Amino acid sequence: MKIVTLSVLGEDIPMGIGRQLLSEHNNRQALAPVEWTTVALTTGESDLPFVQRIPPLFRYKHLRFLYGWMVARRLSRSHDFVLIRYMILDPFGWLFAPFVKNWLPVHHTNEISVILSSAPGFGGRWRATLETLLARMSLRWARGIIGVTPEIAAVVQARTGARVPTGAYLNGIDMTDAALVADHRDPHDVAVAFVCDIFHPWHGLHKLFAAVRRDYAKARAAGLRIHLIGALLPEQQAELDASEELAAIFIPHGRLQRRDYEPLFAASDLAIGSFASLEFTGLREATTLKVREMLAAGLPFYAGHIDAALPADFPYFRIAAQPDIAELIDVARELKKVSRAEVRQAATPYIRKDAMMMKVAKWLESLDAAAPR
């Protein structure tokens with residue numbers, strides 16, 4: 001069986017997407033005899049081995065989507081399945097989808113929520129309506145719908161009415177590129193790491209600020225320090241600067257390279273996940289890269305969402321409806337006695353990239369077997 005993933009991107013490849021695609025490319029041989037190929041089309045330049053630059057004629061705005069479908073049609077002639085990273089507000093899918101054999105969209109979010117949150121008001125509602133219409137016209141020709149969580153695939157199927165099977169391509173991490181960090185935890189004080197590229201509202205930093213204000217005395221008594229690794233929004237920075245209580249607990253570091261934040265990981269008892277994804281995206285599940293990176297590093301998690309790849313009783317991923325400082329401190333102290341290696345070993349079967357790819361390959365094989373002859 002031959003599988004190809006196709007991503008149509010702009011000038012720059014976002015860091016998270018680039019890491020996922022590179023991990024996919026590097027783990028392709030682990031799936032033998034399945035042949036898995038990664039292709040990314042960009043309007044800019046890249047030294048990644050799977051990236052192809054879009055010709056000048058097609059680099060203008062949505063014309064790159066047109067070129068993507070042209071490439072998809074060519075790839076469909078030599079591959080059994082073409083997995084296309086879903087393109088929001090794609091004006092060409094309805095036209096090309098009927099002519100691409102065995103293609104499946106891969107959805108990474110609830111597109112309607114993204115549109116409405118980025119463009120509120122009439123403009124956002126109009127774009128959301130258009131997106132739904134375009135998706136209905138193109139997805140009716142898909143062989144199936146894939147989400148990075150089962151929930152996302154189900155949401156897309158429900159809003160488009162596509163009568164096709166749904167599956168999941170959960171995010172994974174290349175374990176050979178994810179080192180275990182040292183253990184420099186303080187035996188008494190509690191240290192926590194909260195990592196984002198940008199602290200968007202759906203990460204719920206505002207809820208964590210409020211939780212600290214409610215239980216400031218407990219936070220101070222526990223010696224709680226929360227390291228913020230990533231770019232704060234201006235209003236978040238202003239709130240932090242204006243509050244002595246918050247400034248005593250939160251330490252902003254800005255964006256850091258791994259070599260710079262590894263010492264912070266080594267000193268941390270716990271990592272924090274998003275706490276407002278339901279309100280802003282309408283989703284309860286996620287499979288974020290930061291969760292995988294930190295579990296691989298040996299840090300347990302405290303978050304407000306379900307991780308679709310982990311069992312419900314996984315001991316090193318604790319879920320809370322809302323951040324509670326007393327609970328966070330108790331969890332951190334409870335897990336101080338657990339070694340970094342134990343956390344990594346327990347998480348590995350659920351977060352390794354090759355295992356996630358193999359699950360997709362087996363699901364696609366089942367679709368192939370069920371197809372009428």
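Which residues does Ser113 touch, not counting residues up to four places away in sequence? The legends below begin with this residue.

**View 1. Ser113 and its contacts.** Ser113 touches Phe280, Thr281 and Gly282, with neighbours up to four places away in sequence left out of the list; contact means heavy atoms within 4.5 Å. The structure is a predicted model, in which local features need pLDDT of at least 70 and side-chain atom pairs count only at pLDDT 80 or more, while totals for chains, interfaces and linings use all residues. Residues are numbered from 1 along each chain as its sequence is written, and side-chain values use heavy atoms, with hydrogens and water left out. Ser113 belongs to helix H4 (residues 111-118); helices are DSSP runs of H or I with at least four residues, numbered from the N terminus. Ser113 counts as buried because its relative accessibility is 17%, where buried means under 20% relative accessible area, exposed over 50%, and partly exposed in between (1.4 Å probe, protein chains only).

View 2. The side chains of Glu131 and Arg159 form a salt bridge, with an N to O distance of 3.3 Å. A salt bridge is a side-chain nitrogen of Lys or Arg within 4 Å of a carboxyl oxygen of Asp or Glu. Glu131 lies in helix H5 and Arg159 in helix H6 (residues 150-160), so the pair ties together parts that are 28 residues apart in sequence. Both Glu131 and Arg159 are buried. In the whole structure, a search finds 13 salt bridges.

**View 3. The salt bridge of Asp183 and Arg185.** The closest N and O atoms of Asp183 and Arg185 are 2.7 Å apart in this salt bridge. Asp183 is partly exposed because its relative accessibility is 40%, whereas Arg185, at 14%, is buried.

**View 4. The salt bridge of Arg352 and Asp354.** Here the side chains of Arg352 and Asp354 meet at 2.7 Å, N to O. Arg352 has a relative accessible area of 34% and is therefore partly exposed; Asp354, with 16%, is buried.

**View 5. A nonpolar patch on the surface.** Trp94, Leu95, Leu133 and Met137 make up this patch, and together they have about 370 Å² of accessible area. Helix H3 (93-96) and helix H5 (122-139) are the elements that give two or more residues to the patch. Such a patch is made of residues with over 30% relative accessible area and no salt bridge, its nonpolar side chains (Val, Leu, Ile, Met, Phe, Trp, Tyr) being joined within 5 Å. Accessible areas come from the Shrake-Rupley method with a 1.4 Å probe, and for residues only the protein chains shown count as cover. Leu133, in helix H5, counts as partly exposed because its relative accessibility is 46%.

Notes:
Patches are made of residues with over 30% relative accessible area and no salt bridge: like charges are joined within 9 Å, nonpolar side chains (Val, Leu, Ile, Met, Phe, Trp, Tyr) within 5 Å.
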